[in-house]
Amino acid sequence: MVIGDGVLTPAISVFSAVSGLEFSMSEKHHKYVELPIACIVLIGLFALQHYGTHRVGFLFAPIVLAWLLCISAIGLYNILHFNPTVYKALSPYYMYKFLKKTQKGGWMSLGGILLCITGSEAMFADLGHFSQLSIQIAFTSLVYPALVLAYMGQAAYISAHYTKGGNSDIGFYISVPEKVRWPVLVIAVLAAVVGSQAIITGTFSIIKQCSALDCFPRVKIVHTSSKIHGQIYIPEINWILMLLCLAVTIGFRDTKRLGNASGFAVISVMLVTTCLMSLVIVLCWHRSIFFAICFVFFFGTIEALYFSASLVKFRQGAWVPVALALCFFFVMYVWHYGTVRKYEFEVQNKVSINWLLSLGPSLGIVRVRGIGLVHTELVSGIPAIFSHFVTNLPAFHQVLVFLCIKSVPVPHVRPEERFLVGQIGPREYRLYRCIVRYGYRDVHKDDMEFENDLVCSIAEFLRSGSSPDSNILSEDSGKEDDKMTVVGTRSTHADGIQLSEDSVEMTAEITTLGQKEIRSPSPPVRQREIRSPPMPQRRKKVRFIVPESPKIQTGAREELQELMEAREVGIAYIVGNTYMNAKKGSSWMKRFAINYGYEFLRRNSRTASYALNIPHASTLEVGMIYHV
């Protein structure tokens with residue numbers, strides 16, 4: 001429903017602001033100008049989203065301040081000029097008296113009164129840009145008093161002109177003095193754009209959180225600020241919202257029906273929020289259930305009164321947010337259902353470490369030269385895609401790395417904490433697991449630099465693991481095979497293993513493991529070189545420059561030499577591409593959800609984003625069908 005509100009709020013805000021042209025030009029020209037201008041403003045609003053709030057945010061405060069001062073000054077003018085006693089309407093007694101006198105008519109008018117508080121349901125989106133205290137101070141000291149003066153001024157004007165028939169239905173622009181209507185119209189349009197920004201940002205935040213919970217298809221999320229996590233931009237959702245806004249605006253062409261739709265969406269969001277707030281009171285604040293029930297009863301009763309009044313106007317436009325909510329709910333439910341089924345299949349068909357170890361050091365297959373990087377989303381265990389590959393093609397690389405790339409909710413991950421490296425099984429298996437962590441503002445390196453950092457991190461892991469006085473941080477999950485070590489990039493351990501590459505042709509001369517004195521600028525460190533036996537017509541020569549101290553065990557030295565030889569041959573990227581089909585005998589609803597709904601969303605959504613540009617020439621995509 002919040003996503004539906006993200007469609008309706010910009011439409012009604014801009015269209016209502018532009019509707020002031022009715023009093024600034026003739027009716028003949030007004031009906032041909034109002035709709036095109038509203039559409040142009042909406043297109044401009046969504047076209048500016050990719051710049052981020054921090055790029056245009058310096059304009060927001062002056063525009064909002066000018067708008068609040070403008071409506072409060074007009075309201076104060078109308079109060080003093082038409083009905084100074086209108087301040088008595090602040091008393092709840094007159095609200096009770098109004099409802100008692102009008103009864104059903106007064107109850108139905110609550111749907112229109114609801115539009116006075118639209119926008120407050122998206123206030124949480126402002127937390128991505130401002131602190132909680134600043135929002136509280138601005139709302140109580142400036143926003144709320146300005147709104148009260150504005151609505152009191154409109155009430156004072158209507159009370160003095162209630163005999164003018166249809167004009168009393170138009171609350172704002174007709175109450176603006178004629179001499180200042182054009183400046184007010186310009187400020188109103190700008191304020192509508194700024195006001196729409198909050199709900200658009202709120203829509204982005206909702207979809208980002210749903211995507212993180214696997215309740216929404218994967219989309220591209222662009223963080224527009226390196227300091228504030230909440231400032232994001234989602235291109236696909238932005239253009240979908242723009243198209244829906246234009247469709248609603250062109251389809252209705254009427255502020256009344258747009259108001260009915262927006263009001264129903266707002267009160268629905270508020271009512272659901274109140275119900276969910278009771279869970280926060282009990283589960284997060286640890287307050288009594290009685291307190292939560294009292295909270296829901298008090299606020300829920302008021303909101304239910306407004307909800308029932310808006311529900312009466314379902315056929316006059318209120319059906320739009322319901323239709324939008326049902327569409328998005330269907331997409332989210334199908335995606336979540338398919339994702340859960342896929343995860344359950346992968347867990348059930350995950351290859352156990354014991355099965356892998358029972359195959360022996362050669363894994364029962366031919367081990368070819370080179371390094372194989374198997375991309376997986378599992379942080380433990382062996383993915384089913386690996387067993388599927390070696391079953392149909394019993395050959396794999398001499399060094400195998402299960403690579404998992406994770407994005408963490410921080411701007412930057414320190415280079416010394418970039419890699420988590422672990423070893424699977426005994427040393428002679430040459431199986432490693434590497435988890436690479438990136439912040440949402442980290443710059444992803446190209447494939448060559450990433451490969452060198454990855455190989456160096458594994459080499460540093462082998463060197464430090466063979467040393468009894470290793471002081472590198474370890475993250476142990478309880479099992480020996482799941483023990484992971486935090487290793488930084490090459491730039492973070494200058495006194496550790498370094499990688500040297502020569503892009504020259506090598507001769508067929510056979511060399512042995514030798515030592516060489518290498519002095520670094522500061523401080524001088526005794527180091528030796530471990531050289532791999534060169535092969536004829538090799539384009540690249542790789543060397544590990546290893547510190548003299550601490551001493552490296554023989555087993556670790558052999559692993560380093562084999563890793564060096566594999567790096568010279570090259571790295572192959574193995575990426576899984578899975579398809580899902582419902583099992584035979586499944587219900588028609590499950591077949592429709594999996595075979596058509598989920599597969600359609602999967603093929604038209606973004607693939608899992610890796611933190612590097614995988615070279616196409618070295619990529620091998622392995623397809624597998626999941627029967628769930």
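How many Å should the 17 residues of helix α1 (residues 2–18) span at 1.5 Å a residue, and how far apart are its end C-alpha atoms?

## Helix α1 and the basis of the model

The 17 residues of α1 should span 24 Å, and the end C-alpha atoms of this helix are 24 Å apart, which agrees; the expected span is 1.5 Å times one less than the number of residues. Helix α1 is mostly covered, with 15 of its 17 residues buried, where buried means under 20% relative accessible area, exposed over 50%, and partly exposed in between, with a 1.4 Å probe and protein chains only.

The model is predicted, so that local features need pLDDT of at least 70 and side-chain atom pairs count only at pLDDT 80 or more, while totals for chains, interfaces and linings use all residues. Residues are numbered from 1 along each chain as its sequence is written, and side-chain values use heavy atoms, with hydrogens and water left out.

## The chain as a whole

The secondary structure of the protein chain comes to 16 helices and 13 strands; helices (H or I, at least four residues) and strands (E, at least two) are DSSP runs, numbered from the N terminus. Of the 628 residues of the chain, 45% count as buried. Among contacts with a separation of 6 or more, 78% are between residues 24 or more positions apart, a contact being heavy atoms within 4.5 Å.

## Two helix pairs

The axes of helix α7 (residues 181–212) and helix α8 (residues 235–252) come within 11 Å and cross at roughly 130°, which makes α7 oblique to α8. Axes here are lines fitted to C-alpha atoms, for helices over the stretch in contact, and angles run from 0 to 180 degrees between N-to-C directions; angles under 35 degrees count as roughly parallel, over 145 as roughly antiparallel, 65 to 115 as roughly perpendicular and the rest as oblique. Where the two helices meet, Thr 203, Phe 204 and Ile 207 of α7 touch Ile 237, Asn 238 and Leu 241 of α8.

Helices α5 and α10 (residues 289–311) pack at an angle of about 95°, with their axes 8 Å apart, which makes α5 roughly perpendicular to α10. On the α5 side the contact includes Trp 107 and Met 108, and on the α10 side it includes Leu 305 and Tyr 306.

## Two loop residues with positive phi

Gln 103 sits in the loop between α4 (92–102) and α5 (104–113), and its phi is near 55°, a positive value in a residue other than glycine. With a relative accessible area of 56%, Gln 103 is exposed.

Arg 253, in the loop between α8 and α9 (255–284), likewise has a positive phi, of about 55°, although it is not a glycine. Arg 253 counts as exposed at 55% relative accessibility.

Ala 395 lies in strand β4 (residues 395–408) and counts as partly exposed at 24% relative accessibility. Its C-alpha atom is separated by 6.8 Å from that of Val 368, 27 residues apart along the chain. Not counting residues up to four places away in sequence, Ala 395 touches Ile 365, Val 366 and Phe 389.

Helix α16 (residues 588–604) bends by about 30° at Tyr 598, the bend being the angle between axes fitted to the seven residues ending there and the seven starting there. Among its buried residues are Ala 593, Ile 594, Gly 597 and Tyr 598, and the buried residues of α16 pack against α11 (319–348) and β12 (571–581).
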